[in-house]
Amino acid sequence: MTTPASEWFMLTPAGVLYAFARQQPDDTELALQALLAGERTLDAAGWADRAAIAPSISEQALAQGWVQLLQRPLQGPDAKLDDFLQHVIASLSGERRAVLASAEGFCLGRSGMEQDEADTLSAAAADYSDFAARQARRGWDGATRYVSFHSEPEFLLPSYSFLPFWVDGAGYWLVLGGEPLLNNPALVELLWGIKEAGTRFAGNRSL
């Protein structure tokens with residue numbers, strides 16, 4: 001009798017956008033985040049050890065496209081976050097111009113732009129965080145999601161897109177120049193790298 005090969009679970013870019021979108025994730029979102037909590041991908045048993053509800057949500061996660069099955073395990077980012085950050089975020093922008101900012105407005109990484117522009121965009125992200133928080137208090141959560149700014153009235157391609165996400169209670173903004181290329185494994189690598197960095201950014205305040 002042939003023993004079937006093991007399978008490993010990994011978040012997709014869509015799964016990352018879903019799982020890390022809120023400051024206070026629910027149980028399903030926390031279970032999905034657990035897939036990026038280790039140094040390598042998890043099989044079914046490993047995922048269940050990290051998230052008790054994993055067996056009950058795995059079918060839904062696969063059907064929704066949040067998770068994919070791998071035939072071999074993958075190792076997480078083994079470089080220091082500072083070393084690979086600019087390369088990872090660059091591939092998420094059609095112009096290879098990108099900034100990773102803390103929610104309080106500090107530039108944590110940049111690619112394809114000077115430091116002054118990156119600092120300005122990071123500060124803009126923090127200002128938008130305040131705006132989004134005010135709107136949420138007034139009862140409209142729409143501003144807490146994604147936002148794009150356009151230079152042309154046709155609204156074909158944005159000049160910049162701002163993507164907020166949360167990792168272990170800390171807020172971040174990804175600012176992308178030109179077309180955002182979010183359906184990209186680099187997005188998973190970015191979040192995995194931040195998760196592995198652990199307490200490096202733990203001092204950042206929330207959105």
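What percentage of the 207 residues of the chain count as buried? The figure is 46%. Please keep in mind while reading that this is a predicted model. Here are my notes, point by point.

1. **Overall build.** The chain contains 7 helices and 8 strands. Taken along the principal axes, its C-alpha atoms fill a box of roughly 65 × 40 × 40 Å. The radius of gyration is 18 Å, which agrees with the value near 17 Å that a compact globule of 207 residues would have. If you look at contacts with a separation of 6 or more, 59% of them are between residues 24 or more positions apart.

2. **The sheet of three strands.** Follow the order β2-β1-β3 and you have an open sheet of 3 strands with antiparallel pairing. Its edges are β2 (42-43) and β3 (67-70), each of which pairs on one side only. Helix α4, covering residues 54-63, packs on this sheet and touches β1 and β3. The direction of α4 makes about 100° with that of β3. Strand β1, residues 8-11, is joined to β2 by 2 bridges in the antiparallel sense. To find this pairing on your screen, look for Trp8, which stands opposite Asp43 in β2.

3. **The sheet of five strands.** A further open sheet has 5 strands in the order β5-β4-β8-β7-β6, and here too the pairing is antiparallel. The edge positions belong to β5 (107-111) and β6 (147-149); each has a single partner strand, so one side of each is left without a neighbour in the sheet. From one strand to the next, the twist averages 15°.

4. **Helices on that sheet.** Two helices deserve a look here. Helix α5 packs on the sheet, where it touches β4, β5 and β8, and its direction makes about 60° with that of β5. Helix α6 (residues 115-137) also packs on the sheet, with β4, β5, β6, β7 and β8 as the strands it touches. The direction of α6 makes about 130° with that of β5.

5. Strands β7 (residues 160-167) and β8 (residues 170-177) are antiparallel and share 8 bridges. Within that pairing, Ser161 has Leu176 in β8 as its bridge partner. Strands β4 and β5 also run antiparallel, joined by 4 bridges, and Ala101 stands opposite Cys107 in β5. The hairpin of β4 and β5 has 4 residues between the strands, and Gly105 in this hairpin takes a positive phi near 100°.

6. **Arg97.** This arginine sits in the loop between α5 (81-90) and β4 (98-102). Is Arg97 buried or exposed? Its relative accessible area is 18%, and residues under 20% count as buried, so Arg97 is buried. Its side chain has a polar contact of 2.5 Å with the side chain of Glu117. Another polar contact, of 3.2 Å, links the side chains of Arg97 and Tyr160. Beyond its neighbours within four places in sequence, Arg97 is in contact with Ser111, Gly112, Met113, Glu117, Tyr160, Val175, Leu176 and Gly177.

7. **Glu179.** Moving on, Glu179 lies in the loop between β8 and α7. With a relative accessible area of 41%, Glu179 falls between the limits of 20% and 50%, so it is partly exposed. Which residues does Glu179 contact once its neighbours within four places in sequence are left aside? They are Leu92, Ser93, Gly94 and Leu157. Leu157 is 22 residues from Glu179 along the chain, yet their C-alpha atoms are separated by 6.1 Å.

8. **Helix α7.** This helix runs over residues 185-197. From its first C-alpha to its last, α7 reaches 18 Å, close to the 18 Å expected at 1.5 Å a residue for its 13 residues. At its start, a side-chain oxygen of Asn184 comes to within 2.8 Å of the backbone nitrogen of Ala186. How many of the 13 residues of α7 are buried? The count is 10, so the helix is mostly covered. Those buried residues are Ala186, Leu187, Val188, Leu190, Leu191, Trp192, Gly193, Ile194, Lys195 and Ala197.

Methods. Residues numbered from 1 in each chain as written. Predicted model: local features only at pLDDT ≥ 70, side-chain atom pairs only at ≥ 80, totals over all residues. Heavy atoms only, no water. Pairing = 2+ DSSP bridges. Contact = heavy atoms within 4.5 Å. Axes fitted to C-alpha atoms, helices over the stretch in contact; angles between N-to-C directions. Expected span 1.5 Å × (residues − 1). Buried < 20%, exposed > 50% of the residue type's maximum accessible area, 1.4 Å probe, protein only. Polar contact = N/O pair within 3.5 Å; in protein donor to acceptor, adjacent residues only side chain to side chain. Rg over C-alpha atoms; globule rule 2.2 N^0.38 Å.
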